[in-house]
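Dear colleague,

My notes on it come after it.

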Amino acid sequence: MKFKNLFPKITLLLVLFFVIFSCKPKKATDAQIETEENETVAEISLPLRKLNLPDGFQIDVFATGIDGARSMTMGDNGTLFVGTRNENRVYAIQDLDGDFKADKTIVLDTTLEVPNGVAFKDGALYVAEVGRLLRYPNIEANLTNPPTPEVVYDDYPTEFHHGWKYIAFGPDGKLYVPVGAPCNICESEDERYASITRMDPDGSNREIYAKGVRNTVGFTWHPETGEMWFTDNGRDMLGDDIPPCEFNRITEPGQHFGYPYCHGGTVKDPEFGDKYPCADFVAPAQALGAHVAPLGVKFYTGDMFPESYKDYALIAEHGSWNRSSKVGYKISMLKLEGNEVVSYDTFIDGWLDEEAQEAFGRPVDIIVLKDGSLLISDDFGDAIYRVSYDNTAVASIP
Ligand SMILES: [Ca+2]
Ligand SMILES: [Ca+2]
């Protein structure tokens with residue numbers, strides 16, 4: 001009886017022994033599998049090897065899981081702030097050890113109404129909702145316990161159509177805020193629609209700076225001339241190939257850029273075009289592809305890329321929806337000679353599989369980091385990428 005009773009106990013001990021004995025190597029294997037699985041998941045959802053870049057350039061993931069990543073701005077202490085369009089939130093992303101991989105992502109606020117636009121000035125984060133501008137003072141010292149935002153300005157239309165806003169501070173210290181057209185194509189009695197406005201950082205002295213702008217979701221200032229350049233999204237429903245989207249230059253306040261009467265400098269609108277000739281308006285510096293949806297734009301001002309890149313503007317083309325075959329889904333590069341755009345080429349593409357007509361990413365915004373590399377946000381891949389350049393890699397190419 002005793003022996004009989006012992007038998008299951010020995011078996012149990014043996015089983016326990018094997019479990020314990022096999023635990024250590026199993027843990028290591030588990031960790032390995034987990035890493036491999038993660039890599040596989042990332043590789044499947046963000047197959048960066050499919051992207052095409054010029055020789056010597058490399059693209060890596062800076063941050064993942066940034067749902068709906070849209071406009072970006074950098075804080076003075078290195079916090080990357082990222083707005084969203086449909087996620088009601090703004091992210092603060094930190095790379096604590098400077099290896100260009102995000103280490104910490106904080107969701108600052110989850111109750112915002114289409115907080116697409118973000119800008120940073122004097123320690124404060126500015127966020128643009130549809131109808132108002134918010135300011136989070138001293139934000140980088142309070143990331144985990146952000147202050148209740150101050151309302152800087154709340155007298156913008158609350159129309160959701162093209163209501164998401166890109167914002168940025170100009171070299172004059174003013175905050176520039178566009179108001180998109182509340183439609184595909186329409187005239188508005190309210191002069192705020194289809195404009196770019198600007199104001200002092202405290203919300204005072206708001207004025208209309210540019211008119212006839214359908215929906216700009218990206219602008220910047222030329223590093224030498226200080227002039228503002230902006231992208232504009234062309235109207236829909238005129239077919240696959242017209243009108244062009246636009247890259248525009250503002251030379252003085254109050255200029256009119258054509259919408260809704262004339263598109264791309266030459267295309268008379270079928271509904272409103274008889275009212276004024278195209279000659280009455282400022283033509284784009286460069287007509288871009290129809291439906292490419294140009295969003296973020298930056299002149300390359302860093303020291304990492306080859307010297308010739310200082311003549312280029314880089315534009316994030318978010319990609320089409322109103323077209324029988326998709327276009328855009330890339331970063332384009334436009335060479336300037338003085339104020340003239342002399343070429344319009346592709347810098348990075350491959351987010352769109354043209355044959356399958358499927359994309360794994362849609363670039364939204366671009367910023368140039370201090371070291372001269374770029375960050376690119378992607379609201380479809382929910383990621384931030386970093387683009388760097390290594391000239392030794394080019395030298396080693398036979
Ligand atoms: Ca890091
Ligand atoms: Ca125009």
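This is a predicted model: local features need pLDDT of at least 70, side-chain atom pairs count only at pLDDT 80 or more; totals for chains, interfaces and linings use all residues.

Residues are numbered from 1 along each chain as its sequence is written, while chains are lettered from A and ligands numbered from 1 in the order in which they are written.

The protein chain holds two helices and 29 strands, where helices (H or I, at least four residues) and strands (E, at least two) are DSSP runs numbered from the N terminus. Of its 398 residues, 42% count as buried, a residue being buried if 20 or more other C-beta atoms, placed from the backbone, lie within 10 Å of its own, exposed if 12 or fewer do, and partly exposed in between. Among the contacts with a separation of 6 or more, 51% come from residues 24 or more positions apart, a contact meaning that two C-beta atoms, placed from the backbone, lie within 7 Å.

One open sheet has four strands in the order β2-β3-β4-β5, with antiparallel pairing (two strands pair if DSSP finds at least two bridges between them). Because β2 (72-74) and β5 (104-109) each have a single partner strand, they stand at the edges, and one side of each is left without a neighbour in the sheet. Within the sheet, strand β3 (residues 80-82) and strand β4 (residues 90-94) run antiparallel and are joined by three bridges, and Val82 stands opposite Tyr91 in β4.

Turning to the backbone, most residues other than glycine have a negative phi, and most peptide bonds are trans. Ala194, however, has a positive phi near 55°; Ala194 sits in the loop between β11 (175-179) and β12 (195-199) and is buried, with 29 other C-beta atoms within 10 Å. Met237 also has a positive phi, of about 70°, although it is not a glycine, but Met237 counts as exposed, with 8 C-beta neighbours inside 10 Å.

The loop between β15 (228-232) and β16 (246-250) contains Pro243 as well as Met237, and the peptide bond from Ile242 to Pro243 is cis, with omega near -10°. Another cis peptide bond runs from Tyr259 to Pro260, with omega near 5°, and Pro260 lies in the loop between β17 (255-256) and β18 (262-263).
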